[in-house]
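This report describes one protein chain for a reader who is new to structural work. Please keep the sequence and the structure in view while reading.

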Amino acid sequence: MLRHHKHGTEVRVASDSELTVKLYLAGPAAGARTVNSDMWAEFWQLHCNFLLVDITWCKGHAGESELRTGRISLHHLVGNSCADSLAGRAMQLAMVGPND
């Protein structure tokens, strides 16, 4: 994700994974102890190229009812919808079933 942003810009990330947000807030050493340590290492290498990287948690698979009640923002609703769509498309391309 960070590879596609212009250096020196601000990057804002919303994740529905509380673990991802906690690992980010804990710093580089925390990610180094995970199964995905290679991805975390790449993230932290790219991280220093940006003025600000802000990461927040948002409710996954949220819909219009969460938007109406203020539990999520419109930005998060659109992002959730896009993420769900991309995940579904990736599943189709990989020919993986939803229970695999």
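In which helix is His76 found? His76 belongs to helix α5, which covers residues 74–94. The model examined here is a predicted one, and the sections below place this residue and several others within it.

## Overall architecture

The chain contains 5 helices and 2 strands. Read from the N terminus, these elements follow the order β-α-α-α-β-α-α. The C-alpha trace extends about 35 × 35 × 25 Å along its principal axes.

The chain has 100 residues, of which 25% count as buried. Among the contacts in the chain with a separation of 6 or more, 51% come from residues 24 or more positions apart.

## The crossing of α1 and α3

Helix α1 is formed by residues 18–26 and helix α3 by residues 37–47. Their axes come within 12 Å of each other and cross at roughly 50 degrees. The two helices are therefore described as oblique to each other, since an angle of this kind falls between the limits of 35 degrees for roughly parallel and 65 degrees for roughly perpendicular. The crossing of α1 past α3 is right-handed.

Which residues make this contact? On the side of α1 they are Thr20, Leu23 and Tyr24, and on the side of α3 they are Trp40, Phe43, Trp44 and His47. Sorted by class, the contact comprises 5 nonpolar and 2 polar residues, with no charged residues.

Is Val13 buried or exposed? Val13 has a relative accessible area of 17%, and because the cut-off for a buried residue is under 20%, Val13 counts as buried. Val13 and Ile55 are 42 residues apart along the chain, yet their C-alpha atoms are separated by 4.6 Å.

With a relative accessible area of 53%, His7 is exposed. When neighbours within four places in sequence are left aside, His7 is in contact with Asn49 and Phe50. His7 and Lys22 are 15 residues apart in sequence, and the distance between their C-alpha atoms is 25 Å.

Strand β2 covers residues 52–57 and helix α4 covers residues 64–68, and His61 occupies the loop between them. His61 is exposed, its relative accessible area being 62%. The phi angle of His61 is near 55 degrees, a positive value in a residue other than glycine.

Glu66 is part of helix α4. Its relative accessible area is 13%, so Glu66 counts as buried. Leaving aside neighbours within four places in sequence, Glu66 is in contact with Lys59, Arg71 and Ile72. Glu66 and Leu77 are 11 residues apart in sequence, and their C-alpha atoms lie 8.6 Å apart in space.

## His76 in helix α5

The residue named in the opening question, His76 of helix α5, has a relative accessibility of 17% and so counts as buried. Beyond the neighbours within four places in sequence, which residues is His76 in contact with? They are Ala14, Thr56, Trp57 and Cys58.

## The cysteines

How many disulfides does the chain have? The count comes to 0 disulfides. Cys58 takes part in no disulfide, and the nearest cysteine sulfur to its own, that of Cys82, is 12 Å away.

Cys58, at 6% relative accessibility, counts as buried. Cys82, at 42% relative accessibility, counts as partly exposed, because a value between the cut-offs of 20% and 50% is placed in that class.

Technical notes. Residues are numbered from 1 along each chain as its sequence is written. This is a predicted model: local features need pLDDT of at least 70, side-chain atom pairs count only at pLDDT 80 or more; totals for chains, interfaces and linings use all residues. Side-chain values use heavy atoms; hydrogens and water are left out. Axes are lines fitted to C-alpha atoms, for helices over the stretch in contact, and angles run from 0 to 180 degrees between N-to-C directions. Helices (H or I, at least four residues) and strands (E, at least two) are DSSP runs, numbered from the N terminus. Angles under 35 degrees count as roughly parallel, over 145 as roughly antiparallel, 65 to 115 as roughly perpendicular and the rest as oblique. A crossing is left-handed if the near helix is turned anticlockwise from the far one by less than a right angle, and right-handed if clockwise. Contact means heavy atoms within 4.5 Å. Ala, Val, Leu, Ile, Met, Phe, Trp, Tyr, Cys and Pro count as nonpolar, Asp, Glu, Lys and Arg as charged, and the others, Gly among them, as polar. A disulfide is a pair of cysteine sulfur atoms within 2.5 Å. Buried means under 20% relative accessible area, exposed over 50%, partly exposed in between (1.4 Å probe, protein chains only).
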